[in-house]
Amino acid sequence: MSNPVVLALTAGEPAGIGPELCLQLALESRTCGVVVVASRPLLEARAKQMNLAVELRPWQPGEAPEMKAGLLSVLHVEGCANDQPGSLDTGSSAYVVRTLEVA
């Protein structure tokens, strides 16, 4: 039996469109595992702002990621300085680099 495919997806700059795209991905069922590498509070705040019913599930290497609609596996990374869309904050730059390193 082969190992299932797991894709790591970073949400990118917190002020950008990446967090929204990650959350919208969760609205449909998926045929492969996707893990979003991002700040959980960032994704929670953005889901609330967008009025999206997405349940964020913690994920760790070795676990099977969620693939059902409405569920999203998240590998939490600390350090997001601002969760407001459109409001760039240089304090989040180390966080963005860290998400890439983790992925």
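1. Confidence. The model is predicted, and its chain averages a pLDDT of 93, with 97% of the residues scoring at least 70. Strand β1 (residues 6–10) has the lowest confidence, at a mean of 94, whereas strand β3 (residues 55–58) has the highest, at 98.

2. Crossing of α1 and α2. The axes of these two helices come within 10 Å and cross at roughly 75°. Helix α1 is therefore roughly perpendicular to α2. On the α1 side, the residues that meet α2 are P19, E20, L23 and Q24. Their counterparts in α2 are L42, L43, R46, A47 and M50.

3. The R46–E20 salt bridge. Two of the residues at this helix crossing, E20 and R46, also form a salt bridge through their side chains, at 3.1 Å from N to O. The pair links distant parts of the chain, with R46 in helix α2 (residues 40–50) and E20 in helix α1 (residues 18–25), 26 residues apart. Both partners lie under the 20% limit for burial: R46 is buried at 1% relative accessibility, and E20 is buried at 15%.

4. The R40–E44 salt bridge. A further salt bridge joins R40 to E44, their closest N and O atoms being 3.0 Å apart. Because R40 and E44 are four residues apart in helix α2, about one helical turn separates them.

5. The network around R57. R57 pairs with E55 in a salt bridge whose closest N and O atoms are 2.7 Å apart. This pair belongs to a network of salt bridges that links E55, R57 and E66. R57 is partly exposed, with a relative accessible area of 28%, and E55 is partly exposed at 40% relative accessibility. The total for the model comes to five salt bridges. In general terms, side chains of opposite charge can pair when their charged atoms come close.

6. The two faces of α3. Y95, V96 and T99 are buried in helix α3 (residues 93–102). Viewed down the axis of α3, the buried residues fall within an arc of 100°, so they line one face of the helix. A94, L100 and E101 are exposed on the other side of α3. The packing partners of the buried α3 residues are β1, β2 and α2.

7. The loop residue S39. S39 sits in the loop between β2 (33–38) and α2. The residue is buried, its relative accessible area being 6%. Apart from neighbours within four places in sequence, the contacts of S39 are H76, V77, C80 and Y95. Among these contacts, Y95 is one of the buried residues of helix α3.

Definitions and conventions: Residues numbered from 1 in each chain as written. Predicted model: local features only at pLDDT ≥ 70, side-chain atom pairs only at ≥ 80, totals over all residues. Heavy atoms only, no water. Salt bridge = Lys/Arg side-chain N within 4 Å of Asp/Glu carboxyl O. Buried < 20%, exposed > 50% of the residue type's maximum accessible area, 1.4 Å probe, protein only. Contact = heavy atoms within 4.5 Å. pLDDT = per-residue confidence, 0-100. Arc of directions from axis to C-beta. Axes fitted to C-alpha atoms, helices over the stretch in contact; angles between N-to-C directions. Parallel < 35°, antiparallel > 145°, perpendicular 65-115°, else oblique.
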